[in-house]
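Work through the exercises below with the model open beside you. Try each task before reading its solution.

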Amino acid sequence: MWVVLIWINICFFLPVTILVFCCVFCVGRRYQVPVIYYTNLIISILIHHSTMFFWWGIVHGTIACFFYYFAVTASLYFRLFIALERYCFIACPLLDCLRQTEGSLLVCVLVWPFCIVSVALAVFLYEYVRLIIYAALPAPLFIFCIAGTLKALPAATSVPTEEKRRIVGTLVLLLLNYFLINLPAVTLLTLNLYLRFPETLIDFIIISLFLFSSLLDFILFAFMCKGPIDRLLARLCCCSMERNNTGDVTDVSTDRSDHVVRDEGKEETGSHDGEDEEELESVR
């Protein structure tokens, strides 16, 4: 299985990563994709896949471990800034420092040295718990981005509906990729350095998670561009709206039945009151 994963990485993921890297420059600007952040994400994925083969297959030293963790940490933070850029596009359109070229370049220039210094201190000082902390730092911001975007959607009247769907789909995909794949994989990878699990088991799980994470990163580019994904998102939204409408119809029908019962009760009480008044008049 190890040989199969290595060949999948070399024959499929490396060429696809290079192909996506070229597509970003061709169609990224046309569809208002955060090109700079996504380009740096693809570069970190290339370093990650290149180092994966050398670390597990050839070299098991500290240098290979540093480059591997460095690429994984950088990819996590570039995903975070893609989520922040999508959030600012909806919730804070006037705060476009993350969307401008100068601001994006400044952020990327700061992310690379931060990852180099932080990962180097953790690896060469053998304090691997720091790596889990660095991987867990983006978690509150991912949750804040998806929650803030959903809250600000009704007020963003200038943003087209298709763009809103793509942004929400992008944030959901980033959130799932982070919490279900990247964070568990980094945790397992760090614990493996301490506890030394059986190599055939833990290495297979870790590499499988990281390969699946890279596949989701390629799908992420499709979510951010106009194309066939718009039809899928539109159908999903239509299905949810139909369910809501059926719920509203049932609520309206129950409300109408309650009103009918109340009106019949009022008529019955009114008839009884009329009979009582006639009896009183006859007695008088």
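## Exercises on a salt-bridge network

Glu163 is buried, with a relative accessible area of 7%. The model is a predicted one.

**Exercise 1.** Decide whether Arg86 is buried or exposed.

*Solution.* Start with the relative accessible area of Arg86, which is 2%. Buried means under 20%. Therefore Arg86 counts as buried.

**Exercise 2.** Find which residues form a salt bridge with Arg86.

*Solution.* Step one: take Glu85. Its closest O atom lies 2.7 Å from an N atom of Arg86, and the two form a salt bridge. Glu85 is buried, as is Arg86. Step two: take Glu163. Its side chain also meets that of Arg86 in a salt bridge, at 3.4 Å from N to O. Arg86 sits in helix H3 (residues 62-91) and Glu163 in helix H7 (residues 161-195). They are 77 residues apart, so the pair links distant parts of the chain.

**Exercise 3.** Work out where Arg166 lies relative to Glu163.

*Solution.* Both residues belong to helix H7. They are three residues apart, about one turn of the helix. Now check the contact: Arg166 and Glu163 form a salt bridge, with the closest N and O atoms 2.5 Å apart. Both are buried.

**Exercise 4.** Name the residues that shared partners join into one network.

*Solution.* Follow the salt bridges from partner to partner. The network holds Glu85, Arg86, Glu163 and Arg166. Finally, turn to the whole structure: a search finds five salt bridges.

Key. Residues are numbered from 1 along each chain as its sequence is written. This is a predicted model: local features need pLDDT of at least 70, side-chain atom pairs count only at pLDDT 80 or more; totals for chains, interfaces and linings use all residues. Side-chain values use heavy atoms; hydrogens and water are left out. A salt bridge is a side-chain nitrogen of Lys or Arg within 4 Å of a carboxyl oxygen of Asp or Glu. Buried means under 20% relative accessible area, exposed over 50%, partly exposed in between (1.4 Å probe, protein chains only). Helices (H or I, at least four residues) and strands (E, at least two) are DSSP runs, numbered from the N terminus.
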